[in-house]
Amino acid sequence: MARPGDESVALMSDEHQAPPLAQRIRALADYFVGTDLLRLRIERENEEIELGRRHMHPDLVPEIPEDLAAHEAAAARLEPIKADLVGIFHLSRPSISAGDLLEGDRELAYVEALGIRNPVRSRGAGRVASIMAEDGRAVEYGQVLFEIDRG
Amino acid sequence: MRTVAIFSEADRESLHVRHADEGFCVGPGPVPRSYLNIPNIISTALVTGCDAIHPGYGFLAENARFGEICADHGLTFIGPKPAVIAAMGDKATAKRVMKEAGVATTPGTDILDSVEEAKRAAETVGYPVLLKATAGGGGKGMRVVERPEDMERAYTSATAEAEASFKDGRVYMEKLILHPRHIEVQVLGDEFGNVVSLGERDCSVQKPSHQKLIEESPAPHLPEKVRESLLEMAVRACRHVGYTNAGTLEFLVSGENVYFMEMNTRIQVEHPVTEMVYSVDLVKEQIRIAAGEALGYTQRDLQLRGHAIECRINAEDARNNFSPQAGTLTRVVFPGGPGVRVDTHVYSGTMVPPYYDSMIAKIVAFGASREAAIARMERALRETVIEGVNTTIDMCLEILATPQFREGRYDIGFLPEMLTAGAAT
């Protein structure tokens, strides 16, 4: 009875008598390593076979372009700061610009609603990646006001 | 006129937002944080330069405090005066005011002190009567009493159950109205004391939860004498309280007896049937009245023409206690043609969120006669395609096909009985 100890080829059950079995597994394994699959399972009547591998063959790992990877990493570090109420957006003085470094938590702007000044804070250090709202204009709930690079 | 629509994060793609000149998000999906978020709603009106707020028919439409806050910020609330909303919103006050105006209310008593008092009162009110817990809800502490000899046992068990459920055993009595129809009267009043009625709507096709499903105007087989008395009472009541803007008085009608139930101090879901038979744009009238314009017409100028029916299309599983369905509408096709009106906020691809009322459309059909309106409604419902969620379309078609509906002889027990009979077979 074929009993492959190799983890990459696990035979779940076998009621058939070899010779065809070992050949079939060999053929299947050859086919399997040529694909980019991580796991292959076949169930048929009273026969089950499952092939798996721990690591992708280096030739088969899809390459991520470097600039895209960098862009994604940067996007992951960008934190949006959103308006939590409806009102008029005002940049606080001294006003910040895109690119400014924030050393800690500070007030960036305020949303004036029903005569009340509601501060918008940076909630920590970072770099101002962009100012998304216009000074003096109305903003809605959930509108992105700033993007802060926390990287 | 330019409009600003408010919406929640869950309704960003809703049709009402597309139809407005501007749209403003006022909060996340859950109602308390968006559609009941008074500061954000008022702030939206102010930053966009609105003159007035139309509250629609849900959420803040009957909130007197909201009306006052609008006024404090120089905004016109399109609806009645806050004091009138407050008075009519309290059932006990509304009933007292209606009595003063000479409007028939359900006969009943105040708190009963003893079984002897209950027996005496029932002779005056007339059997059958209903004992109700003053702290009540959900049928707890409620008993139907059909004969004097049953009063003692019913009174004892009702007070005991009320005491156990609410730690308040006090009960009062109301006349039990058998097989009532739900008939309501549409009114409009301006700031100059002019009040008109725009006929009645029969809203007796109600789910077991008492939510309306099909409404029509005029009410079928309503004796002319009863109709005249209803309309006259509604106008008298509105004059009595100085009612302005659009409102609806709801009545229970049993035979020739009418009993005032409550007043809705806002436009209602089913207002299109009235608009169709009176050729009046009620929302436009609301805005005109709020802007201080006079009605400009009298009762005699308002002529009823034809018949209109509305079916509420809800995202609900009608076969499973009308349980609400959330999901994406994969395909939506609405009916068209003469005499058919569709009010909706959805289209193919709309996501029906779990936060709100399950109504996704209202289909309204007009006809020269009731028969013509029914035929047109059946055609319109068959033309409608909504895929992705269960809807009430098939249930509405089933109702329209029953002899009771076709003959116009149904009361509020009709749909619950039809569902029970259907479940039994």
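**Notebook: salt bridges and a helix pair in chain B**

I began with helix H8 (residues 224-241) of chain B, where B:Glu232 and B:Arg236 both lie, 4 residues apart, which is about one turn of the helix. The model is a predicted one, and in it I found the side chains of B:Glu232 and B:Arg236 joined by a salt bridge of 2.8 Å, taken from N to O. I noted that B:Glu232 is partly exposed at 39% relative accessible area, and that B:Arg236 is partly exposed at 31%.

Next I looked up B:Glu387 and B:Arg331, whose side chains meet in a salt bridge at 3.4 Å, N to O. B:Glu387 belongs to strand E22 (residues 385-387) of chain B and B:Arg331 to strand E18 (residues 331-333) of chain B, so this pair ties together parts that are 56 residues apart in sequence.

I then turned to B:Asp21 and B:Arg2, which form a salt bridge whose closest N and O atoms are 3.8 Å apart. B:Asp21 sits in the loop between helix H1 (15-19) and strand E2 (22-27) of chain B, and B:Arg2 in the segment before strand E1 (4-8) of chain B, so the pair links parts 19 residues apart in sequence. Here B:Asp21 is partly exposed, at 40%, whereas B:Arg2 is exposed, at 66%.

Lastly I checked helix H2 (residues 38-47) of chain B against helix H3 (residues 64-72) of chain B, and their axes come within 11 Å and cross at roughly 35°. Which residues of H2(B) and H3(B) meet? B:Ile38, B:Ile41 and B:Ile42 in H2(B) meet B:Phe66, B:Ile69 and B:Cys70 in H3(B), and I sorted the residues of this contact into 6 nonpolar, no polar and no charged.

Note on methods:
Residues numbered from 1 in each chain as written. Chains lettered and ligands numbered in written order. Predicted model: local features only at pLDDT ≥ 70, side-chain atom pairs only at ≥ 80, totals over all residues. Heavy atoms only, no water. Axes fitted to C-alpha atoms, helices over the stretch in contact; angles between N-to-C directions. Helix = DSSP H or I, 4+ residues; strand = E, 2+ residues; numbered from the N terminus. Contact = heavy atoms within 4.5 Å. Nonpolar A, V, L, I, M, F, W, Y, C, P; charged D, E, K, R; others polar. Salt bridge = Lys/Arg side-chain N within 4 Å of Asp/Glu carboxyl O. Buried < 20%, exposed > 50% of the residue type's maximum accessible area, 1.4 Å probe, protein only.
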